[in-house]
Amino acid sequence: MKDKILVTGGTGYIGSHTVVELQNAGYDVVIIDNLSNSNIEVLDGIEAITGKRPVFVQGDCTDINTLRKLLEENPGIKGIINFAASKAVGESVQKPLLYYRNNLNTLVNLLDLMPEFGVKGIVFSSSCTVYGEPDVNPIDETAPIKPATSPYGNTKQISEEIIEDYIASGAPIKSIILRYFNPIGAHPSACIGELPLGVPQNLVPYLTQTAAGIRKELTVFGNDYNTPDGSCIRDYIDVVDLAKAHVIAMKRMLDNNDTDQVEIFNLGTGRGLSVLELIESFERATGVKVPHKIGPRRAGDIEKIWAAPKKANEVLGWVANVPVDETMKNAWAWQCKVSPKK
């Protein structure tokens with residue numbers, strides 16, 4: 001019998017894929033989500049893939065009493081994976097207090113309750129945004145933390161500091177901080193995937209919605225960057241690969257007594273792809289054209305950034321395996337499933 005894990009934000013994009021991988025690995029999962037950026041029907045998709053429906057609590061993690069009640073009613077939770085955060089860079093500039101309230105209060109509440117309920121460790125969903133515009137690529141975990149370019153990025157930096165300060169104070173818990181690069185794609189079953197509410201903030205759902213005719217065209221923000229084709233370069237990682245890293249991190253925290261109390265890992269493929277190359281990959285994988293145009297640069301965009309995942313590869317034994325064309329094929333299969341029928 002594996003341990004019981006609490007996944008906050010577990011009906012969201014990365015959260016739902018991680019719940020699938022946890023259940024496939026034999027863990028019991030409890031989800032809490034306020035459904036502010038996800039849909040309750042995600043639970044059907046998780047059940048369809050794994051044959052098991054996770055325990056679900058609809059609630060807000062900024063309310064410590066809601067969390068306390070959850071922990072009282074679901075005893076024996078050994079680990080937490082925290083995805084309960086607002087995550088759109090542009091929105092965070094417009095609504096900074098929403099981001100500080102949601103992202104920081106959620107984390108503080110979880111940390112506060114962990115010792116009381118015997119929770120041993122927390123895997124924290126961080127971001128490569130903490131590195132800002134890098135001096136060199138690829139980036140490893142020793143790269144300097146740069147001043148945040150958005151309130152969203154700042155909440156990730158502050159959250160990492162909160163975790164480190166709390167554990168340094170003598171709190172009897174562990175944490176693994178995972179700094180993601182750019183998660184894309186969907187589960188190959190097409191039972192779950194990225195389903196943004198409203199206009200997508202991320203590239204791939206906007207791309208697939210454009211290919212499906214929901215959006216008129218995709219704007220590539222800038223083609224005059226210092227990159228081979230002039231468009232920005234990112235490290236795009238398949239969401240299922242990313243989800244599997246959380247399961248490995250949780251096992252490491254709960255099963256190994258001799259690891260450091262706080263560990264940090266970059267999660268990426270180690271390869272940089274430009275926006276135009278990603279569009280080409282989609283068209284190659286699916287045979288579907290994506291109407292797109294070149295627009296002006298977008299404020300706050302980093303020119304190029306990709307990971308040096310050597311530490312995660314060697315210490316966790318984790319490797320990103322899914323080829324980008326396959327990832328794009330999965331993203332399209334998901335889009336076709338959820339697109340309005342004409």
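## Cavities

The structure, a predicted model, holds two cavities of 30 Å³ or more. On a 1 Å grid over the protein atoms alone, a cavity is a set of points where a 1.4 Å probe fits but cannot get out, and its lining residues have an atom within 4 Å of a point. Grid points are joined across faces, edges and corners, and a volume is the space filled by probe spheres set on the points. By class, the lining of the largest cavity divides into four nonpolar, three polar and one charged. In this classification Ala, Val, Leu, Ile, Met, Phe, Trp, Tyr, Cys and Pro count as nonpolar, Asp, Glu, Lys and Arg as charged, and the others, Gly among them, as polar.

The second largest cavity has a volume of about 50 Å³. It is lined by N82, A84, A85, N103, F124, T155, K156 and S159. Helix α6 (residues 151-168) gives the most to this lining, with three residues. The lining of the second largest cavity has three nonpolar, four polar and one charged residues.

## Basis of the values

Residues are numbered from 1 along each chain as its sequence is written, and side-chain values use heavy atoms, with hydrogens and water left out. Because the model is predicted, local features need pLDDT of at least 70 and side-chain atom pairs count only at pLDDT 80 or more, whereas totals for chains, interfaces and linings use all residues.

## T155 in helix α6

T155, one of the residues that line the second largest cavity, is found in helix α6. With a relative accessible area of 0%, T155 is buried; buried means under 20% relative accessible area, exposed over 50%, and partly exposed in between (1.4 Å probe, protein chains only). Leaving aside its neighbours within four places in sequence, T155 is in contact (heavy atoms within 4.5 Å) with Y99, Y100, N103 and L104. N103 also belongs to the lining of the second largest cavity. T155 and V123 are 32 residues apart in sequence, and their C-alpha atoms are 16 Å apart in space.

## Packing of α9 and α11

Two packed helices are described by the angle between their axes and the distance between the axes. Helix α9 (residues 275-286) packs against helix α11 (residues 324-338) at an angle of about 70°, with the axes 8 Å apart. Axes are lines fitted to C-alpha atoms, for helices over the stretch in contact, and angles run from 0 to 180 degrees between N-to-C directions. The helices α9 and α11 are therefore roughly perpendicular to each other. Angles under 35 degrees count as roughly parallel, over 145 as roughly antiparallel, 65 to 115 as roughly perpendicular and the rest as oblique.

On the α9 side, L278, S281, F282, R284, A285 and T286 take part, and they meet V324, D325, M328, K329 and W332 in α11. The residues of this contact divide into six nonpolar, two polar and three charged.

G45 lies in helix α2 (residues 42-50) and counts as buried, at 6% relative accessibility. Not counting residues up to four places away in sequence, G45 touches C191 and I192.

R234 lies in strand β9 (residues 233-234) and also counts as buried, at 13% relative accessibility. With residues up to four places away in sequence not counted, R234 touches N182, R271, G272, L273, D301, I302, E303, K304 and I305.

## Loop residues and backbone geometry

K95 is placed in the loop between α4 (89-94) and α5 (96-113). K95 is partly exposed, with a relative accessible area of 43%. K95 and P151 are 56 residues apart in sequence and 8.6 Å apart in space, C-alpha to C-alpha.

Most residues other than glycine have a negative phi, and most peptide bonds are trans. L35, in the loop between β2 (28-33) and α2, has a positive phi of about 60° although it is not a glycine. A190, in the loop between β7 (182-184) and α7, has a positive phi of about 65° and is not a glycine either; A190 counts as buried at 12% relative accessibility. The peptide bond from N137 to P138 is cis, with omega near -5°, and P138 lies in the loop between β5 (121-127) and α6.

Definitions and conventions: Helix = DSSP H or I, 4+ residues; strand = E, 2+ residues; numbered from the N terminus. 1 Å grid on protein atoms, 1.4 Å probe; cavity = no way out; pocket = protein on both sides within 12 Å on 5 of 7 lines; lining within 4 Å.
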